[in-house]
Amino acid sequence: MDEDTDDILNNIIDDDDDANIQMTPAELIQKMEEIWINEKFAPELLPHEQEIVDLVLSQISAMEDNVETLPSADFKKGFYQLEIDRIRFVVTSYLRQRLEKIETYVLHVLKEDEEREEAYLSEAEQQFALKYKEALEEHFDNATMFYPGLPFEDWKSNFVRPNMNSFVFLKAKSNVEGVVVDRGQGDDNEIVDIKAGSQMLISYKGVSDLIKKGDLRLI
Amino acid sequence: MFGEKAYLLIKELDRNRDSLPPYNTELLSEIHNEVKQLVTENQEDANVSEQSRLVENVSYVPTLKIRHAAIKRNIRCILAYHYNRLKCLKTIRWQFGSILPPEVKANLSQAEIDFFSKYSSSLMQYMRGIGDDGGVNLAVNLKPPKSLYIEVRCVVDYGQLELTDGSALLLKKNSRHHLPRTECEELIRQGVLEHVV
Amino acid sequence: MPLQTAYYPDYFAVDDILATQDRIPCTFLQDAVKLGKLNPAEEQADLKAGTNIELPLWLVADITTTRQPVVAPSLPKMYKEGNREILKADPCAVDLHKLSTHFYELGLYVKQFDPRESVAEILLQTFTLRLRFVMDLSDNTVSNPSVMQKLDRLERSVFKSGHDAKMKLVSWLKVSEMPLEAASMVVNHKKRKRVDDDLF
Amino acid sequence: MDPEEVEFLGEKHLVSIVPSFTSESVHLIQGDYGPFRAGLPIRVPLWVAVNLKQQKRCRIQPPEWMDVDTLELIKTDEKLSRVFTKMPSEFYMVEVKQLLGCASDDIPRADEIRTIVKDIWDIRMSKLRSSIDLLVKNHEMYAAVDNLTMMEINSMRPLLPHALDHIYRMKTFQPNVGSQSQTMSFSTHSRVSTSFQS
């Protein structure tokens, strides 16, 4: 009995951690838009949001089923369809953006994920990345086959990386203190506080964790 | 100077940033020959180097270093050539779909054709796996939608187009149609239809 | 869809390969046996220590940073005192492209050959003082090719990013709905095909 | 980001319409709107409003600020202020473009509104370019951009962040071939000589 109660409590706490369980559809779409914009402007690949994407897609499916039952004369039907298209645009744009980063930074992304506890790639993305890497390596092997044993591994040690110092625009969702700004002159760093609601142009490196945590969002 | 041919290869890339000229087999094989020669010479001199250093006090090290730098440079150019062509090839996959237009195909090496089909199939597999509902086509919905229907003009004699509702219409050159946006987005991108605003 | 990143060269970067092809004056510190052919001025079997010669940056960079450098590079003339004074006086008037197609990129590489660090300073100063000029240029809807010519490659990329954004905004303001367009590749491809047709 | 993507985000903004029809609510994923009563004002997302207007099913009620006198005041404030003033709407450009585009018959003095808003935009853009110039000349490595709207930020993208990226890179650049590759070039070098001796 006690154990059962514990389990139930644990489940509830788990659900609490997983914020999207309590989301209304409107909040879900809002969240989807936020991760889309963040992914668009972050130089690196952000942690995947598979659950959000799946939830949004199932909302769309449910809506599509609903729409089919409506008579075509109903003027509301057009709005339902257009909203579906609008949301679909956000989801596809988000996933395209991620694929683009995965392809560009493939070695980097796979290596980082190996060394990290939490995977940034979804399972499907990881499969895609591995296949892409394999195809790329094969192509390069083929291009250097004219002389086996050449030192052509330079590209693997100098693999393409995102520029983490890229400048980004952001908006603070809550008060944030002590963001380190690297002035590019050795130890001469500056510390900045950002008030909730204010907007900044700043180097991504110092704020990447806060964006992943959700204290800041890119704009 | 070493690496001049490789430089020509990169200049060719630079001139054709958004297109794929014929795979330059000829120039590549000249670069291959330069690399082979550099490697052979370094092999020979590396063997001499050990002995002559003791006997004649002649060092081959600077020569070896220079040739080695040249080998690395040539390889960098060869790989950059292949890499940047692949980037173009991927764009073609997104824009034309999974079937290579014959004019494009004629300009590719066999390895590039192989890469294209591998890329294409892993992309398809990825897209089919999105969501629980048979997948999502990521090659459409490229722009924010404004309305369900759009006005299009047909640019070429395309022939019959079947719509998802089962109806069909004939796309003749210069004919105008009022169509669901989702049904003609790909045809617009392929240059068959033109969006009239 | 392509990622919009500022120039941040990687191993495959065409621009970096082009920039590192630029030649730098060097003096050989050691004999390079059998490599006399690198010096077109003299036809000898070996390249002797003390020879002055211009070598591409990719080679110089690779053979000067080892423990026993093979050559000693010197600063290309556009980064020397005389030009520095001109650049300081009126940076916007200078035809940077004429000085070097890769003024900034090359400068970043050669600044290590400059013990007084004035190259680093002049790069930063020139870029920041000319930015307003580049920015205003990119804000014009009609571009002036003769002024454009004065920009080096990096500035041209900045100009282009600004100009593209401006043109997008202008066309957005003009029309009620942005038309869906044929893919860039398709258009290129058709153009070329048409040219080919004309030939026959 | 393309201007039409900023527009897309702005289209979620609510505006008032006066429907000319009566209907039960529309249950969108992003929220319920309605029920609609002919003649009774109601707030709906901009994209819904524009579509209804195009179908001639409603009249648009312009937002309060979309009025010549109010905008003149905003323009004067903007001219006098050294910093950017707060705009009445985060998406003022989008709203002006879309509402004047489809409903100039519902909005008094539409042409004048268009001109003043264009003036405000121009004043702010020229201010923005001067601030960028100053920011860059002072070698600042961050900037507060409060009160700039998304369309304004976007019009300086990617030029401004890219320019700062270049500056940062110029400050910190260590040639790839420097100390880091010293060991590397030795190791590859030895690889060549050893593998080639066999």
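A salt bridge here is a side-chain nitrogen of Lys or Arg within 4 Å of a carboxyl oxygen of Asp or Glu. With that in hand, here are the close-ups, all taken from a predicted model.

**View 1. Chain B meets chain C.** Six salt bridges are counted between chain B and chain C. One to look for pairs B:Glu4 with C:Arg23, whose closest N and O atoms are 3.0 Å apart. On the chain B side, 51 residues are in contact, and they touch 48 residues of chain C. Together the two chains bury about 4,500 Å², with carbon and sulfur atoms giving 65% of that area. Within chain B, the residues that lose the most area to chain C are B:Met1, B:Arg73 and B:Arg76, which together account for 16% of what that side buries.

**View 2. Chain C meets chain A.** Here eight residues of chain C are in contact with 14 residues of chain A. The area buried between chain C and chain A is about 1,000 Å², and carbon and sulfur atoms supply 72% of it. How many salt bridges are counted between chain C and chain A? The count is zero.

**View 3. Helices α2 and α3 of chain A cross.** Follow helix α2 (residues 25-41) of chain A to where its axis comes within 10 Å of the axis of helix α3 (residues 50-69) of chain A; the two cross at roughly 130 degrees. The helices α2(A) and α3(A) are therefore oblique to each other, and their crossing is left-handed. From α2(A), the contact uses A:Pro25, A:Leu28, A:Ile29, A:Lys31, A:Met32 and A:Ile35, while α3(A) brings A:Ile52, A:Val53, A:Leu55, A:Val56 and A:Gln59. Sorted by class, the contact of α2(A) with α3(A) has nine nonpolar residues, one polar and one charged.

**View 4. Helix α2 of chain A packs on helix α1 of chain D.** Stay with α2(A) and turn to its partner in another chain, helix α1 (residues 3-10) of chain D: the axes lie 13 Å apart, and the packing angle is about 160 degrees. That angle makes α2(A) roughly antiparallel to α1(D). The crossing of α2(A) past α1(D) is left-handed. Contact residues are A:Glu33, A:Trp36, A:Ile37 and A:Lys40 on α2(A), with D:Glu5, D:Phe8 and D:Leu9 on α1(D). By class, the contact of α2(A) with α1(D) has four nonpolar and three charged residues, with no polar ones.

View 5. The side chains of A:Lys173 and A:Glu34 meet in a salt bridge, at 2.7 Å from N to O. This pair links distant parts of the chain, 139 residues apart: A:Lys173 sits in the loop between β1 (167-172) and β2 (176-182) of chain A, and A:Glu34 in helix α2 of chain A.

**View 6. Helices α4 and α6 of chain A pack together.** At what angle do helix α4 (residues 76-104) and helix α6 (residues 123-143) of chain A pack? The angle is about 35 degrees, and the axes are 10 Å apart. The crossing of α4(A) past α6(A) is right-handed. To find the contact, look for A:Arg98, A:Leu99, A:Ile102 and A:Glu103 on α4(A), and for A:Glu125, A:Phe128, A:Ala129 and A:Tyr132 on α6(A). By class, the contact of α4(A) with α6(A) has five nonpolar residues, three charged and no polar.

View 7. Most residues other than glycine have a negative phi, and most peptide bonds are trans. In chain D, a cis peptide bond joins D:Gly34 and D:Pro35, with omega about -5 degrees. D:Pro35 belongs to the loop between β3 (31-33) and β4 (42-45) of chain D. Another cis bond runs from D:Arg157 to D:Pro158, with omega near 5 degrees. To place D:Pro158, look in the loop between α6 (150-155) and α7 (159-172) of chain D. Over in chain B, B:Asn141 has a positive phi of about 60 degrees although it is not a glycine. B:Asn141 is found in the loop between α5 (110-128) and β1 (149-154) of chain B.

How values were computed: Residues numbered from 1 in each chain as written. Chains lettered and ligands numbered in written order. Predicted model: local features only at pLDDT ≥ 70, side-chain atom pairs only at ≥ 80, totals over all residues. Heavy atoms only, no water. Axes fitted to C-alpha atoms, helices over the stretch in contact; angles between N-to-C directions. Helix = DSSP H or I, 4+ residues; strand = E, 2+ residues; numbered from the N terminus. Parallel < 35°, antiparallel > 145°, perpendicular 65-115°, else oblique. Left-handed = near helix turned anticlockwise from the far one by under 90°. Contact = heavy atoms within 4.5 Å. Nonpolar A, V, L, I, M, F, W, Y, C, P; charged D, E, K, R; others polar. Buried area = accessible area lost by both parts, 1.4 Å probe.
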